[in-house]
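Here's a quick tour of a fold, one piece at a time. Have the viewer open as you read.

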Amino acid sequence: MGTITETGWFNWGVFTKNQMITYTGTAVYTVDLSKLSKDDIIFDEENHIITLRIPYAVQESINIPEDRIQFGDTNGGLLAFGDVKLTPEQASQVQAEARARMEQKLAEQNVLDTANRFAKLTVWEMYSPIIKGVAKDYSLEVEFK
């Protein structure tokens with residue numbers, strides 16, 4: 001959530017208007033498995049374990065669709081009338097601020113750690129059946145480089 005403020009005549013508070021903005025978006029995290037090499041596959045023949053070393057997840061993009069930005073009611077000073085009007089530059093600034101706030105929120109909530117956990121789980125779910133199909137007595141472990 002955020003707030004847009006439009007100062008009125010002579011920047012007096014009685015002419016100032018505020019409007020709440022609510023936005024939602026999606027952050028995309030990826031793990032590039034195309035760069036795996038034979039050095040990233042470790043065979044432990046004694047314990048029958050194959051270890052696959054993968055890179056950490058990387059945040060690729062944050063997408064905040066314009067149609068998902070919701071503008072709340074306008075409120076303000078005693079003499080502030082009408083809605084807050086945004087120029088194209090201000091609308092662009094709203095999106096940039098929303099993206100920056102999402103970056104901050106993602107960092108606060110340790111979303112990258114969650115993405116890394118899901119990456120390990122997903123890689124294990126993808127490759128474990130293959131390993132079991134080829135060598136039934138071997139198990140797969142996934143770890144980060």
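## The helix on the sheet

In this predicted model, α2 lies across β5 and β8 and runs at about 150 degrees to β8. Contact here means heavy atoms within 4.5 Å; axes are lines fitted to C-alpha atoms, for helices over the stretch in contact, with angles from 0 to 180 degrees between N-to-C directions. Helices (H or I, at least four residues) and strands (E, at least two) are DSSP runs, numbered from the N terminus.

Phe-118 sits in helix α2 (residues 111–134). Together with Leu-121 and Trp-124, Phe-118 makes a nonpolar surface patch with about 310 Å² of accessible area. Areas are Shrake-Rupley values with a 1.4 Å probe, and for residues only the protein chains shown count as cover.

The open sheet has 3 strands in the order β4-β5-β8, with mixed pairing. β4 (41–44) and β8 (139–144) are the edges, each with a single partner strand, so one side of each lacks a neighbour in the sheet. Pairing takes at least two DSSP bridges; β4 and β5 (residues 49–54) run antiparallel, joined by 4 bridges.

## Ground rules

Residues count from 1 along each chain as its sequence is written. Local features need pLDDT of at least 70 and side-chain atom pairs 80 or more, while totals for chains, interfaces and linings use all residues, and side-chain values use heavy atoms, without hydrogens or water.

Methods
Patches are made of residues with over 30% relative accessible area and no salt bridge: like charges are joined within 9 Å, nonpolar side chains (Val, Leu, Ile, Met, Phe, Trp, Tyr) within 5 Å. A salt bridge is a side-chain nitrogen of Lys or Arg within 4 Å of a carboxyl oxygen of Asp or Glu.
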